[in-house]
Amino acid sequence: MIWMVTLFFHTNDPSKRKAVQWLTQHGITVTQRNIEKEPLTQAEVLDLLAISMDGTEDLISKRSRDTKALKMDSENVTINQLTAAVATNPHILRNPIIFNENKLVTGFDQEKMGVFIPKRQRRLELNRLLGKLTPAMGPQPQVEYARIK
């Protein structure tokens with residue numbers, strides 16, 4: 001089975017490189033796109049918002065100088081204003097944005113990256129890891145429980 005994700009980035013920073021490395025190590029095909037060179041369309045921004053759990057909170061970097069310079073109030077900004085801002089200022093987005101058809105992760109957080117591995121495969125990997133740990137721990141002592149009267 002082939003697992004695939006798309007990764008949008010605007011800066012080739014360590015979190016982007018770590019994400020690509022982690023995904024490829026786990027057999028996930030990564031399609032990368034530099035959104036500075038190929039800006040997002042309005043439809044793409046809407047698609048990202050549709051699969052994000054917390055809407056703009058997941059996508060917009062509040063600490064970015066570009067976001068602060070725009071002085072947009074995230075509670076009062078319209079979709080048209082947001083998509084126009086993203087097209088002209090990709091640095092207002094978190095980096096990287098990793099997604100498939102129904103899951104989205106921003107930045108590199110190893111714990112969150114597991115959402116891109118199917119549950120069945122995660123179980124197999126966990127069982128394999130647990131199988132490696134058990135022999136290394138040696139024989140388990142037999143525990144006898146005393147009866148409390």
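Is Glu-57 buried, partly exposed or exposed? In this predicted model, local features were considered at pLDDT of at least 70 and side-chain atom pairs at pLDDT 80 or more, whereas totals for chains, interfaces and linings use all residues. Residues are numbered from 1 along each chain as its sequence is written, and side-chain values rest on heavy atoms, with hydrogens and water left out.

Glu-57 counts as partly exposed because its relative accessibility is 36%, where buried denotes under 20% relative accessible area, exposed over 50%, and partly exposed the range in between (1.4 Å probe, protein chains only). Glu-57 pairs with Lys-62 in a salt bridge whose closest N and O atoms are 3.0 Å apart, the term requiring a side-chain nitrogen of Lys or Arg within 4 Å of a carboxyl oxygen of Asp or Glu. By this rule three salt bridges are counted.

Arg-33, which is buried at a relative accessible area of 14%, forms a salt bridge with Glu-44, with 2.6 Å between the closest N and O atoms. Since Arg-33 belongs to strand S2 (residues 28-34) and Glu-44 to helix H2, this pair ties together parts that lie 11 residues apart in sequence; helices (H or I, at least four residues) and strands (E, at least two) are DSSP runs numbered from the N terminus. Glu-44 is partly exposed, with a relative accessible area of 22%. The side chain of Arg-33 also meets that of Glu-38 in a salt bridge (3.8 Å, N to O), and Glu-38 is likewise partly exposed, at 47% relative accessibility. Through shared partners, Arg-33, Glu-38 and Glu-44 are joined into one network.

The largest nonpolar core comprises 17 residues, and those with the most contacts inside it are Leu-40, Leu-48, Leu-93 and Ile-97; such a core is a set of buried Ala, Val, Leu, Ile, Met, Phe, Trp, Tyr and Cys residues joined through side-chain atoms within 4.5 Å. Helix H2 (42-51), helix H5 (79-88) and strand S3 (97-99) each supply at least two residues of this core, with H2 giving the most, namely four residues. When residues up to four places away in sequence are not counted, Leu-40 touches Phe-8, Arg-33, Ile-35, Val-45, Leu-48, Val-86, Ala-87 and Leu-93, contact being defined as heavy atoms within 4.5 Å. A second, separate core of 15 residues includes Leu-23, Ile-98, Met-113 and Ile-117.
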